[in-house]
Amino acid sequence: MDILPILSEIIHKKVLLNDLKTMDFSEKDAENELEYHINRVKNLPETIKAYRIVSVNDKKDINMTKIGSHFALNRSNLVKNHSFSTGSGKKYYIITANIPKKEVDVQETIHNNILYPQENEITVKNKGKNVEIVSIKEIKP
């Protein structure tokens, strides 16, 4: 089977298996690893609390209607591991958001978790258009 319905979304299993094989996974290990990632997404809560860091010159410069696509599931790991060298602004803000599970881009989330497992992120659809922003706080690098 090349495609799998997950959370009412189709993922392309073959593409994800190829991602793993390029990382020297055997066929069996790649299938097991993919199953782990699929189950991880399936088991996310209906509302996911997640975090994002943005760099802007002023809080008013944050695009509140499309807050962004990549969100970390662990706040302290995000802050600890963030490079603080990306972005176009002089100030950094951490955004706390509630994300409906149906807004998770399953294919991209699994793909990114395969390629960047240390980031422990989810990717949301439509640049976060349907994300509920809980708070935005300035942080110092």
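Let's start with I133, which sits in strand β7 (residues 132-139). Strands here are DSSP runs of E with at least two residues, helices are runs of H or I with at least four, and both are numbered from the N terminus. I133 counts as partly exposed because its relative accessibility is 24%; buried means under 20% relative accessible area, exposed means over 50%, and partly exposed is in between (1.4 Å probe, protein chains only).

Setting aside neighbours within four places in sequence, I133 is in contact with M64, I67, I95, T96 and A97, where contact means heavy atoms within 4.5 Å. I133 and T65 are 68 residues apart in sequence, yet their C-alpha atoms are 9.8 Å apart in space.

## What kind of model this is

This is a predicted model, in which local features need pLDDT of at least 70 and side-chain atom pairs count only at pLDDT 80 or more, while totals for chains, interfaces and linings use all residues. Residues are numbered from 1 along each chain as its sequence is written, and side-chain values use heavy atoms, with hydrogens and water left out.

## The chain as a whole

Stepping back, the protein chain has four helices and seven strands. From the N terminus on, the order is β-β-α-α-β-β-α-β-α-β-β. The C-alpha atoms fill a box of roughly 50 × 30 × 20 Å along the principal axes.

The radius of gyration, taken over C-alpha atoms, can be set against a globule rule of 2.2 Å times the number of residues to the power 0.38. For 141 residues, a compact globule would come out near 14 Å, and the protein chain has 16 Å, which agrees. Buried residues make up 40% of the 141 residues. Of the contacts with a separation of 6 or more, 73% are between residues 24 or more positions apart. The accessible surface comes to about 8,300 Å², and 48% of that belongs to carbon and sulfur atoms; the areas come from the Shrake-Rupley method with a 1.4 Å probe.

## Helices α1 and α4

Two packed helices are described by the angle between their axes and the distance between the axes. Helix α1 (residues 13-21) and helix α4 (residues 106-115) pack at about 10°, with axes 10 Å apart. That makes α1 roughly parallel to α4, a label for angles under 35 degrees. The axes are lines fitted to C-alpha atoms over the stretch in contact, and angles run from 0 to 180 degrees between N-to-C directions.

On the α1 side, V15, L16, D19 and L20 meet Q107, I110, H111 and I114 of α4. The residues of this contact divide into five nonpolar, two polar and one charged. Here Ala, Val, Leu, Ile, Met, Phe, Trp, Tyr, Cys and Pro count as nonpolar, Asp, Glu, Lys and Arg as charged, and the others, Gly among them, as polar.

## More around α4

H37 belongs to helix α2 (residues 27-42) and counts as buried at 6% relative accessibility. Not counting residues up to four places away in sequence, H37 touches I110, N113 and I114.

N112 lies in α4 itself and is buried, with a relative accessible area of 13%. With the residues up to four places away left out, N112 touches H70, P117 and T123.

## Two loop residues with positive phi

N120 is in the loop between α4 and β6 (121-123). Its phi is near 45°, a positive value in a residue other than glycine, and N120 is partly exposed at 28%.

K127 is in the loop between β6 and β7. Phi of K127 is near 55°, again positive in a residue other than glycine, and K127 counts as exposed at 53% relative accessibility.

How values were computed:
Angles under 35 degrees count as roughly parallel, over 145 as roughly antiparallel, 65 to 115 as roughly perpendicular and the rest as oblique.
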